[in-house]
Amino acid sequence: MEIINKTFDAERALYGVRGAVIDSCCFEGSADGESALKETSNIEINNCKFKLRYPMWHVSDFTVENSHFYEPSRASVWYASNGKISNTSVESIKCLRECNNIILENVTAVSPEFGWKCREIKFLDCNITSEYFLFDSRDISAYNLEMHGKYSFQYIENLTIENSKLNTKDAFWHSRNITVKDSIVKGEYLGWYSDGLTLINCKIIGTQPLCYCKNLTLIDCEMIDCDLSFEYSDVTADIKGNITSVKNPKSGIITADSIGDIILEDSVLSNNCEICVRA
C-alpha cells in the first residue's frame with residue numbers, strides 16, 4: 001500500500017485515493033481546503049490531525065486509529081461505510097451522519113448531533129457527549145458506553161446497551177425495540193412514547209419516567225427519585241426497592257417493595273394496571 005505522510009491544506013487533497021496508508025498527516029493550512037479524503041476506499045489512517053471541514057465523506061473500507069478530529073473539522077464523517085475508528089478523539093460537530101457498519105472503540109467524542117440517521121453502529125468502551133445522540137438511527141449496540149447528553153436515542157430502532165452509564169434527559173423518545181442491561185440511566189422524562197423498551201438490572205434515576213409507553217418491561221430494576229412514573233403506559237415491571245410515585249398506568253402489572261404514592265385520579269384514559277406492593 002502507498003504510504004502518505006505530509007501536511008495538506010488544498011481542496012480535495014486526497015480525493016479518490018485507493019489502497020493507501022495515511023500516516024501522521026495533518027490536514028490544516030492557509031488554503032483552508034475541505035473534503036480532503038472524499039470518495040476514498042481501502043485506506044488506513046494513523047496518527048492524523050484533522051482541522052479542515054468535511055474530511056471523510058463517502059469513504060468505505062477504512063480504519064482510523066490514534067487520530068484527532070478537531071472542532072474546525074465539522075461534519076467530519078458522513079456517508080461512510082465498513083469502517084473502524086479506534087483510540088481517537090472527536091471534537092467536530094455533526095460527526096457520523098448517514099453512516100453504515102462502523103465500529104467505534106475507545107473513542108472520546110464531544111460532538112453535538114453525533115450519529116444521526118446511521119445504521120449498524122457498534123460502540124465499545126466509548127465516552128460520548130452529544131445532544132440528540134444517535135437521532136433516527138437503527139441497529140445499534142453499545143458496551144461500556146459513558147454518555148452525556150440531552151435528547152438522546154430519539155426515534156431510534158433496534159438498540160442494545162450493556163454495562164453503561166447514561167446521563168441524559170429525554171432519552172429513548174419514540175424509540176422501538178430497545179434493550180438496556182446492567183446500566184445506570186439518569187435523566188428526566190425517560191422513554192416517553194417508546195414501543196418495546198426493556199430495562200434489565202438497571203438503576204433508573206429521575207423525574208416522570210416511562211410515560212405513554214407501549215410494551216414496556218422492567219426486570220430487577222431500581223428506581224431512584226422517580227415520581228409520577230408510568231403514566232398511561234402498558235407496563236410489566238418488577239422493581240427492587242421503592243418507587244417515589246406511580247400515576248395512572250394504563251395496563252399490565254407493577255410490582256415493587258414499596259411505593260410512596262399511588263395516584264389514580266384525573267385520568268382521561270381507562271386504566272387497568274395491577275399495582276402490587278410486596279409484603
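Reader: How many helices and strands does the chain have?

Author: In this predicted model, the chain has 0 helices and 26 strands. Its C-alpha atoms fill a box of roughly 70 × 30 × 25 Å along the principal axes. Of the 279 residues, 47% are buried. Contacts between residues 24 or more positions apart make up 6% of those with a separation of 6 or more.

Reader: Why is the pair of Phe8 and Phe27 called stacked?

Author: A pair of aromatic rings is described by the distance of the centres and the angle of the planes. The limit for pairing is 6.5 Å between centres, and planes under 30 degrees apart count as stacked. The centres of Phe8 and Phe27 are 5.6 Å apart and their planes stand at 20°, so the pair is stacked. By this rule the structure has 23 aromatic pairs.

Reader: Which parts of the chain does the pair of Phe8 and Phe27 link?

Author: Phe8 belongs to strand β2 (residues 7-8) and Phe27 to strand β4 (residues 26-27), so that distant parts of the chain, 19 residues apart, are linked.

Reader: What makes Phe8 and Phe27 count as buried or exposed?

Author: The cut-off for buried is a relative accessible area under 20%. Phe8 has 10% relative accessibility and therefore counts as buried. Phe27, at 1%, counts as buried by the same rule.

Reader: Why is the pair of Trp192 and Tyr212 called tilted?

Author: Planes under 30 degrees apart would count as stacked and planes over 60 as edge-to-face, with the rest tilted. The planes of Trp192 and Tyr212 stand at 45°, with the ring centres 5.7 Å apart, so this pair is tilted. Trp192 lies in the loop between β20 (184-186) and β21 (195-200), while Tyr212 lies in the loop between β22 (203-205) and β23 (216-224), 20 residues apart.

Reader: How do you know whether Trp192 and Tyr212 are buried, partly exposed or exposed?

Author: Buried means under 20%, exposed over 50%, and partly exposed in between. Trp192 has 13% relative accessibility, so Trp192 counts as buried. Tyr212 has a relative accessible area of 34% and is therefore partly exposed. Both rings belong to one aromatic cluster, together with Trp173, Tyr189, Tyr193 and Tyr232.

Reader: What makes Lys51 count as lying over the face of Tyr70?

Author: The distance part of the rule requires NZ of Lys within 6 Å of the ring centre. Lys51 lies at 4.7 Å from the ring centre of Tyr70, over its face.

Reader: Which residues lie nearest the centre of the largest pocket?

Author: Tyr193, Ser194, Tyr212, Cys213 and Lys214 lie nearest the centre, among 13 lining residues. The lining divides into 5 nonpolar, 3 polar and 5 charged residues, and the volume of the pocket is about 150 Å³.

Reader: What did the search for cavities of 30 Å³ or more find?

Author: The search of the whole structure finds 1 cavity of that kind. The largest cavity holds about 50 Å³ of space. Its lining includes Thr168, Lys169, Val185, Glu188, Leu190 and Pro209, and β20 and β22 each supply at least two lining residues. By class, the lining has 6 nonpolar, 3 polar and 3 charged residues.

Reader: Why is Thr255 called buried?

Author: At 17% relative accessibility, Thr255 falls under the 20% limit and therefore counts as buried. Thr255 is part of strand β25 (residues 251-263). Leaving aside residues up to four places away in sequence, Thr255 touches Ala237, Asp238, Ile239, Cys276 and Arg278.

How values were computed:
Residues are numbered from 1 along each chain as its sequence is written. This is a predicted model: local features need pLDDT of at least 70, side-chain atom pairs count only at pLDDT 80 or more; totals for chains, interfaces and linings use all residues. Side-chain values use heavy atoms; hydrogens and water are left out. On a 1 Å grid over the protein atoms alone, a cavity is a set of points where a 1.4 Å probe fits but cannot get out, and a pocket is an open set with protein on both sides within 12 Å along at least five of seven lines; lining residues have an atom within 4 Å of a point. Grid points are joined across faces, edges and corners, and a volume is the space filled by probe spheres set on the points. Ala, Val, Leu, Ile, Met, Phe, Trp, Tyr, Cys and Pro count as nonpolar, Asp, Glu, Lys and Arg as charged, and the others, Gly among them, as polar. Rings of Phe, Tyr and Trp (its six-membered ring) pair if their centres lie within 6.5 Å; planes under 30 degrees apart count as stacked, over 60 as edge-to-face and the rest as tilted. Helices (H or I, at least four residues) and strands (E, at least two) are DSSP runs, numbered from the N terminus. Buried means under 20% relative accessible area, exposed over 50%, partly exposed in between (1.4 Å probe, protein chains only). A charge sits over a ring if NZ of Lys or CZ of Arg is within 6 Å of the ring centre and within 35 degrees of the ring normal. Contact means heavy atoms within 4.5 Å.
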